[in-house]
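Student: I'm new to this one. Can you show it to me and walk me through it?

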Amino acid sequence: MVAGQDKLLTQMRRGTLEYCVLALLRDEERYGFDLVRALGTADGMVTSEGTIYPLLSRLRRDGLVSTTWEESPNGPPRRYYRLTPKGHKALGEFVQEWQRFRDAVDRFVEGGEQ
Amino acid sequence: MNGIRHREVGEYLRRLQRSMANLPAERRQEILAEIEEHIAEDLAERPAATDADVRNALERVGDPADIAYRFRLQSSRNGVRASPRARPRLGAASRQVGRESQTSVDVSGPDRVRAASCAAAHGHHPPHSILSSRERFDTLPG
């Protein structure tokens with residue numbers, strides 16, 4: 001990937017990554033490694049896996065996610081993240097705005113007479 | 001969890017701890033513990049992990065300076081002040097990229113410098129050795 005594309009992706013990711021995290025927690029709780037791996041299945045969503053943890057910490061501090069410790073089958077207990085009602089609300093608002101925004105951008109970039 | 005005792009993992013975690021040294025202690029410990037657990041989970045899937053596997057796992061986790069930088073950005077949201085050490089550097093970085101609006105400069109300034117200075121060098125998977133991270137950290141903005 002050339003530098004310009006990388007920068008573009010960085011900028012787009014910056015505004016959307018936290019909502020992808022919230023969306024992954026919409027229906028189930030997950031622990032950090034599981035969450036990072038799920039994000040990693042989408043090309044370009046995670047560059048440094050470790051940078052997700054400061055984001056998770058901030059989401060927790062903002063009350064969008066809560067955490068609980070649960071036993072793991074092998075090894076130490078895991079910290080599980082789940083959406084709070086506030087997190088559900090923030091995600092819902094983003095999804096609405098995102099759909100409108102995505103449609104608007106698509107109208108232009110997909111070409112044709114506007 | 002044998003992998004966590006690997007020497008390079010220990011060195012990596014110490015480097016991460018140092019790079020986050022001036023950030024809020026409670027959250028720093030939380031992030032450090034989470035990343036330590038992340039590495040352990042990763043290596044647990046590879047019971048016969050070679051040195052190269054360990055290095056690859058650490059490269060995926062990322063440059064400690066990068067993680068500390070993200071931490072700083074997240075901490076500077078919602079009115080939590082960035083560390084004193086970070087502030088002059090943020091200012092210097094924003095001057096390098098020219099004038100920007102007051103509201104966006106703290107977040108986008110250093111990131112743009114980083115993107116410009118680092119993206120060309122490594123893109124998604126930095127080819128640089130983890131061992132060179134310390135030198136890189138000392139020269140990075142933020």
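Tutor: We'll go from the overall layout to helix packing, then to ring pairs and one glutamate.

Student: What should I know before I start?

Tutor: This is a predicted model: local features need pLDDT of at least 70, side-chain atom pairs need 80 or more, and totals for chains, interfaces and linings use all residues. Residues are numbered from 1 along each chain, chains are lettered from A and ligands numbered from 1 as written, and side-chain values use heavy atoms, without hydrogens and water.

Student: OK. How many helices and strands are in chain A?

Tutor: Four helices and three strands. Both are DSSP runs numbered from the N terminus: helices are H or I with at least four residues, strands are E with at least two. The order from the N terminus is α-β-α-α-β-β-α.

Student: What box do the C-alpha atoms of chain A fill?

Tutor: Roughly 55 × 35 × 20 Å along the principal axes. Of its 114 residues, 39% count as buried. Buried means under 20% relative accessible area, exposed means over 50%, and partly exposed is in between (1.4 Å probe, protein chains only).

Student: Switching to chain B. At what angle do helix 1 and helix 2 of chain B pack?

Tutor: About 160°, with the axes 11 Å apart. Helix 1 of chain B covers residues 7-19 and helix 2 of chain B covers residues 25-44. Axes are lines fitted to C-alpha atoms over the stretch in contact, and angles run from 0 to 180 degrees between N-to-C directions.

Student: So which way do they run?

Tutor: That angle makes the two helices roughly antiparallel. The classes are under 35 degrees for roughly parallel, over 145 for roughly antiparallel, 65 to 115 for roughly perpendicular, and oblique for the rest.

Student: Which residues make the contact?

Tutor: From helix 1 of chain B, they include B:Val9, B:Tyr12 and B:Leu13. From helix 2 of chain B, they include B:Leu32, B:Ile35 and B:Ile39. Contact means heavy atoms within 4.5 Å.

Student: And how do helix 2 and helix 3 of chain B pack?

Tutor: At about 140°, with axes 10 Å apart; helix 3 of chain B is residues 51-61. These two helices are therefore oblique to each other. B:Ile35, B:His38, B:Ile39, B:Asp42 and B:Leu43 in helix 2 of chain B meet B:Val54, B:Ala57, B:Leu58, B:Arg60 and B:Val61 in helix 3 of chain B.

Student: New topic. How many aromatic pairs are there over all chains?

Tutor: Four. Rings of Phe, Tyr and Trp (its six-membered ring) pair if their centres lie within 6.5 Å; planes under 30 degrees apart are stacked, over 60 edge-to-face, and the rest tilted. One pair is A:Tyr19 and A:Phe94, stacked at 4.0 Å centre to centre with 0° between the planes.

Student: Why does that pair tie together separate parts?

Tutor: Because A:Tyr19 is in helix 1 of chain A and A:Phe94 is in helix 4 of chain A, 75 residues apart in sequence.

Student: What about A:Trp98 and A:Phe101?

Tutor: Those two are tilted, at 6.3 Å and 40°. Ring pairs link A:Tyr19, A:Phe94, A:Trp98 and A:Phe101 into a cluster.

Student: Last one. Is B:Glu30 buried or exposed?

Tutor: Buried, at 10% relative accessibility. B:Glu30 is in helix 2 of chain B.

Student: What does B:Glu30 touch?

Tutor: A:Ser57, A:Arg60 and A:Arg79, leaving aside residues up to four places away in sequence.
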